[in-house]
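Here's a quick briefing for anyone opening this structure for the first time. Have a look at it, then read on for a short tour.

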Amino acid sequence: MKRFEGKVAVVTGGGKGIGAAVAKRLAADGAAVVVNYAISAADAQTTVDAIVAAGGKAIAVKANVAKRDEVSALFGAAREAFGPVDILVNNAGVYEFRPLELIDEEHIDRQFNINVKGLLFATQEAAKDFDGGRGGVVINIGSQVSLTPPANGSVYSATKGAGDVITRSLAQELGPKNVRVISVAPGVTLTEGFVSMGGHEGFIEFAKTRTPLGRPGRPEDVADVVATLVSDDSRWITGSVIPVAGGLTL
Ligand SMILES: NC(=O)c1ccc[n+]([C@@H]2O[C@H](COP(=O)([O-])OP(=O)(O)OC[C@H]3O[C@@H](n4cnc5c(N)ncnc54)[C@H](OP(=O)(O)O)[C@@H]3O)[C@@H](O)[C@H]2O)c1
């Protein structure tokens, strides 16, 4: 029997990048996976098709995690398709780097709305399913930038710092209900979003010089750790921020 057989997972932003790798990995380990997306329906369907072709179970569901009613509908769809949720991976996120003088309200609101509000709304919904002694696991995809914040990344780093603090707080709040909450902090990871960011080549070269293991991360490097943290092997871990970054310090 696969280790997540009978479990239901929601992966926000599961259509590409780290989220797609996490969705595929959890499905390969037996979970039925809800692949959430906001805009890119085709990417989400590609992830679902890959899971189903490999013998797994998955559906794609559209929802902007920054909108509470859409998050509620996302979990409604998850319950209808597969039953109550056991695993939530708060992966949906946006990143934008700007020097202080170029920060405006839109830059702040967009990143906080998706990276912080979205994480809270999704966890609120998942917690309803975790009640009644069922328990559950929440993995928040944070970032190395909360641990060693780079120049020009004050707002993005602040959203990820907020995520880590929420992880620690909710681990306290939900622990008595048998819910574990953990942050995973990737370093530079080659994803669609990262590669589409202006100036990524220079950033990769810089990051390599700061990474003892000498290469940028791959989505699967993060997904394998997420699966380990979700599994019962990690039953004594909660409230932790786990760097998954090849030793990178920015
Ligand atoms: N790549 C890195 O180097 C790196 C390093 C550290 C941490 N991270 C974190 O890892 C996570 C994933 O990053 P990535 O590089 O894989 O990003 P990506 O390739 O840009 O993918 C982001 C995913 O999030 C989804 N998304 C964005 N806004 C959303 C919203 N409002 N509601 C629902 N889904 C939404 C996107 O779906 P749509 O296309 O449908 O909008 C997409 O599937 C983020 O939280 C990021 O901060 C990334």
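How many bridges join strand 1 to strand 4, and which way do the two strands run? Three bridges link strand 1 (residues 8–11) with strand 4, and the pair runs parallel. Keep in mind that this is a predicted model.

**Strand 4 and its partners**

- Strand 4 covers residues 87–90, and V10 sits opposite L88 of this strand.
- Strand 4 also pairs with strand 5 (residues 136–141), again in the parallel sense, this time over four bridges.
- In that pairing, V89 has I139 of strand 5 standing opposite.

**A closer look at L88**

- Why does L88 count as buried? Because L88 has 30 C-beta neighbours inside 10 Å, and 20 or more is what it takes to be called buried.
- Setting aside neighbours within four places in sequence, L88 touches V10, A122, T123, A126 and V138.
- L88 and L119 are 31 residues apart along the sequence, yet their C-alpha atoms are 9.8 Å apart in space.

**Helix 3 against helix 4**

- Two packed helices can be summed up by the angle between their axes and the distance between those axes.
- Helix 3 (residues 68–82) packs on helix 4 (residues 105–130) at an angle of about 40°, and their axes are 9 Å apart.
- The crossing of helix 3 past helix 4 is right-handed.
- Helix 3 brings R68, V71, S72 and F75 to the contact, and helix 4 brings F121, A122 and E125.
- Sorted by class, the residues of this contact are four nonpolar, one polar and two charged.

**Around the ligand**

- How many residues surround the ligand, and which are the closest? There are 31 of them, with G13, G17, G93, T191 and G193 the closest.
- Helix 1 (17–28), strand 2 (32–37), helix 4 and helix 6 (192–195) each give two or more residues to this shell.
- By class, the shell holds 14 nonpolar, 15 polar and two charged residues.

How values were computed
Residues are numbered from 1 along each chain as its sequence is written. This is a predicted model: local features need pLDDT of at least 70, side-chain atom pairs count only at pLDDT 80 or more; totals for chains, interfaces and linings use all residues. Axes are lines fitted to C-alpha atoms, for helices over the stretch in contact, and angles run from 0 to 180 degrees between N-to-C directions. A crossing is left-handed if the near helix is turned anticlockwise from the far one by less than a right angle, and right-handed if clockwise. Two residues are in contact if their C-beta atoms, placed from the backbone, lie within 7 Å. Ala, Val, Leu, Ile, Met, Phe, Trp, Tyr, Cys and Pro count as nonpolar, Asp, Glu, Lys and Arg as charged, and the others, Gly among them, as polar. A residue is buried if 20 or more other C-beta atoms lie within 10 Å of its own, exposed if 12 or fewer, and partly exposed in between; C-beta atoms are placed from the backbone. A residue is near a molecule or strand if its C-beta atom, placed from the backbone, lies within 6 Å of it. Two strands pair if DSSP finds at least two bridges between them.
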